[in-house]
Amino acid sequence: MPVPANPRIAVLGFSIECNKFAPPATKAHFEARTYLEGDAILEEARRPTPTMLPETPGFIRAMDKAGPWTPIGIVLAMSEPNGPVEHGFFEDVLAAMTAQLKAVMPVDGVYFCAHGAAITTEEDDPEGVLFERIRDIVGPDVPVVATFDLHANVSDRMVDKIDAFIGYRTNPHLDMRERGEEAADVLRELLAGTRTERVRIRLPIVPPTVTLLTAAGPYAEMIELGQRRKGPEIINVSVMGGFAYADTAKNGLSVIVTARGDRREAALLAREIAKYGWDQRARFYPKLTSLEDAVQTALAVAGDPSLKAHAFADVADNPGGGGRGNTMYLLHAFVEAGVKGALFGVIYDPPLAAEAHRHGLHYHFDAHFNRDETTNFSEPWNAPARVAALHDGNCGGRRGIYAGTRLALGPCAALAIGGVTVVVVSHRVQCADPIFFEMMGLDIAKARCVAVKSRGHFRGGFDEFFGPEQIVEVDLPGLTSPMLKRFEWTRLPRPVIPLDDNVSWSPPAV
Ligand SMILES: [Zn+2]
């Protein structure tokens with residue numbers, strides 16, 4: 001086939017990470033982040049501060065740079081992590097994508113922005129369903145390239161129905177734009193005639209989120225090994241940590257290698273990386289700090305200026321993993337223990353933020369947290385508070401995963417409760433960017449203790465204030481606790497590390 005001079009490329013995406021234990025995600029949750037159709041996708045992606053994550057803008061920028069092309073926006077639906085997607089809405093997205101893609105055929109190529117850890121209230125492999133549908137429409141010869149979050153749970157169908165699998169390599173996710181750019185480079189190569197082979201190997205390891213950092217540790221070593229051993233026949237090596245709380249049969253640490261037509265090369269490399277990961281299996285168990293020890297550390301740091309300030313991560317109530325961002329365990333303990341000079345963010349509580357706005361600045365009142373929202377962990381709590389700052393919640397991400405994106409947190413309030421100043425927001429968001437404190441006029445550099453509702457992405461935003469040795473991951477109850485034995489799993493492949501003993505695995509034959 002001749003190389004198209006001005007290739008027509010369909011741009012679409014469906015991106016959400018779903019925690020099966022959290023309440024369902026609806027269309028409204030997507031609309032609050034990004035739900036776009038047609039040319040609006042391209043317009044938004046080309047804005048200086050788009051609302052979407054940076055893969056699609058990176059893809060479009062790199063395609064623009066590399067030569068003429070005709071981008072065709074289809075549907076892009078992207079949400080903050082949440083519970084399972086309401087199946088009816090997923091079917092609407094699938095129908096809209098199908099109709100619009102059919103209407104613009106023929107296309108020369110497809111770029112799909114996926115997360116990879118979506119589930120719906122009825123379907124455990126929505127990405128597989130989407131890719132299968134796209135393949136049915138475009139036929140076997142049109143290249144389809146997709147990008148994935150490194151928390152993707154990967155099915156065979158997801159790998160088989162596309163031509164190149166490109167996953168993030170950093171956690172916190174700081175290479176989203178680069179992976180979008182890589183997708184453009186790969187798509188250009190495939191348009192020129194390269195054909196691929198993909199191999200996936202899944203290990204019986206469902207790594208707790210806190211063991212999936214890429215600065216150091218077993219997962220970082222697997223990714224590094226893949227990049228180091230990648231020869232000229234290999235297009236991409238993706239090591240996907242997966243997202244435990246989706247609780248699907250496709251969960252498990254996976255290696256996906258995309259090769260230039262050479263299946264054996266792909267299989268050998270995937271096997272080498274998987275084998276390395278298996279040998280490191282004893283390191284995929286979380287080590288957290290108890291609440292009692294965390295409070296003692298906070299008191300010590302608050303009382304002794306010669307000690308370095310500390311960050312305390314409530315990893316079990318991470319909105320970035322479907323947590324509600326409103327459990328009170330840590331806040332309650334800090335206030336009760338009399339911790340001074342502490343910042344706490346961000347608590348998702350729209351009625352409380354609204355009440356603070358009604359009262360106005362410096363008003364003293366009894367703050368009732370969680371008057372509406374009720375999950376097992378979101379218990380009501382109240383304390384005397386003063387309204388220390390108010391904000392409309394519109395801001396631009398400054399550092400880490402939100403850098404360069406436009407954010408709307410809804411009405412926000414900073415409440416002074418004892419020695420702790422708490423930021424309350426109206427849209428659920430992971431506390432991954434210092435801007436959430438800074439826009440309230442709070443000085444992170446002056447705080448002794450900063451508590452964040454975040455599993456790990458705060459590291460990419462707050463690294464200018466806290467080195468790894470100043471971070472305490474606190475063991476608390478919650479929807480995103482890394483202590484996986486506390487959940488009732490129904491679909492995870494068993495036996496699996498870290499839940500079961502006597503888990504065995506041997507590398508597949510090449
Ligand atoms: Zn992720």
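Two strands pair if DSSP finds at least two bridges between them. Helices (H or I, at least four residues) and strands (E, at least two) are themselves DSSP runs, numbered from the N terminus. The model described here is predicted, so local features need pLDDT of at least 70 and side-chain atom pairs count only at pLDDT 80 or more, while totals for chains, interfaces and linings use all residues. Residues are numbered from 1 along each chain as its sequence is written, and side-chain values use heavy atoms, with hydrogens and water left out.

Strand β17 (residues 412–417) pairs with β18 in the antiparallel sense over five bridges. Alanine 416 is the residue opposite threonine 421 of β18. The two strands β17 and β18 make a hairpin with two residues between them, and glycine 418 in its turn has a positive phi of about 55°. Strand β12 (residues 342–348) also pairs with β18, over five bridges, but in the parallel sense. Here leucine 343 has threonine 421 in β18 as its bridge partner.

How many residues of β18 are buried? Six of its six residues are, and the strand is mostly covered; buried means under 20% relative accessible area, exposed over 50%, and partly exposed in between, with a 1.4 Å probe and protein chains only. Val420, Val422 and Val424 point one way from β18, whereas Thr421, Val423 and Val425 point the other way, and all are buried.

These strands belong to an open sheet of nine, in the order β10-β20-β11-β19-β12-β18-β17-β14-β13, with mixed pairing. Strands β10 (289–290) and β13 are at the edges with a single partner strand each, so one side of each has no neighbour in the sheet. Strands of a sheet pair through backbone hydrogen bonds, either parallel or antiparallel.

Two helices lie across this sheet. Helix α11 (residues 329–337) lies across β11 (310–313), β12, β13, β14, β17, β18, β19 (449–452) and β20, and runs at about 155° to β18. Such angles run from 0 to 180 degrees between N-to-C directions, and axes are lines fitted to C-alpha atoms, for helices over the stretch in contact. Helix α12 (residues 350–359) lies across β12, β13, β14, β17 and β18, running at about 165° to β13.

Another open sheet has three strands in the order β7-β9-β8, with antiparallel pairing. Its edge strands, β7 (197–202) and β8 (234–240), each pair on one side only. On average, neighbouring strands of this sheet are turned by 10° against each other, direction ignored. Six bridges join β7 to strand β9 (residues 254–259), and the two run antiparallel. Within that pairing, arginine 198 has threonine 258 in β9 as its bridge partner. Helix α8 (residues 218–228) packs on the sheet and touches β8 and β9, its direction making about 175° with that of β8.

A pair of helices comes next. The axes of helix α3 (residues 55–66) and helix α7 (residues 176–191) come within 7 Å and cross at roughly 45°. That angle makes α3 oblique to α7; angles under 35 degrees count as roughly parallel, over 145 as roughly antiparallel, 65 to 115 as roughly perpendicular and the rest as oblique. Among the residues of α3 that meet α7 are Phe59 and Met63, and those on the α7 side include Ala184 and Leu187.

Some single residues remain. Serine 155 is in the loop between β5 (144–148) and α6 (156–160), and is buried with a relative accessible area of 9%. Leaving aside neighbours within four places in sequence, serine 155 is in contact with Asp125, Arg200 and Lys250, where contact means heavy atoms within 4.5 Å.

Two peptide bonds are cis. One joins asparagine 171 and proline 172, with omega about 5°; proline 172 lies in the loop between β6 (164–167) and α7. Another joins arginine 494 and proline 495, with omega about -5°, and proline 495 is in the segment after β20 (471–475).

Asparagine 370, although not a glycine, has a positive phi of about 60°. Asparagine 370 lies in the loop between β13 (364–369) and β14 (381–391). Is asparagine 370 buried or exposed? At 1% relative accessibility, asparagine 370 counts as buried. Asparagine 502 also has a positive phi, near 55°, but is exposed, with a relative accessible area of 76%.
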